Amino acid sequence: SFRRDRWLTFSELAAMLPELASSGFDAVQIGPAQESPDSPGWYHRYQPKNYGVISGLGTEADLRALCATAQRHGIMIIADLVFNHMLVVAQ
């Protein structure tokens, strides 16, 4: 769910699902939903600060709504997750 200039929010991606389904897509991949540094680099999404769904992509409710919309359109959500490391933020 990355465009050339930024990540799509869960709501933006959900709004695109009808068109994607009619174009024959049956799956979309989303980047990690964990809170990460506020930075333009795509790779910062892969440096989570915690494991909660708290991000610039949307809330946990937004993610659940995306999954429900995808299911209605027959599209699978492939979630990219980071479990093996955590960003250490200096106080």
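Tutor: Below, each label is set against its cut-off. This is a predicted model, where local features need pLDDT of at least 70, side-chain atom pairs count only at pLDDT 80 or more, and totals for chains, interfaces and linings use all residues. Residues are numbered from 1 along each chain as its sequence is written, and side-chain values use heavy atoms, with hydrogens and water left out.

Student: Why is Pro32 called buried?

Tutor: Buried means under 20% relative accessible area, exposed over 50%, partly exposed in between (1.4 Å probe, protein chains only). Pro32 has 0%, so the label is buried.

Student: Why is Phe83 called exposed?

Tutor: Its relative accessible area is 61%, which is over 50%, so Phe83 is exposed. Phe83 sits in the segment after strand E2 (76-79). Strands (E, at least two residues) and helices (H or I, at least four) are DSSP runs, numbered from the N terminus.

Student: What makes the largest nonpolar core a core?

Tutor: The term means a set of buried Ala, Val, Leu, Ile, Met, Phe, Trp, Tyr and Cys residues joined through side-chain atoms within 4.5 Å. Here the largest one has 15 residues. Phe10, Leu13, Leu17 and Leu66 have the most contacts inside it. Helix H1 (10-22), E1 and H2 each give two or more residues to this core. H1 gives the most, with 5 residues.

Student: Which residues is Leu17 in contact with, leaving aside neighbours within four places in sequence?

Tutor: Contact means heavy atoms within 4.5 Å. On that test, Leu17 touches Val28, Leu66, Thr69, Ala70, His73 and Ile75.
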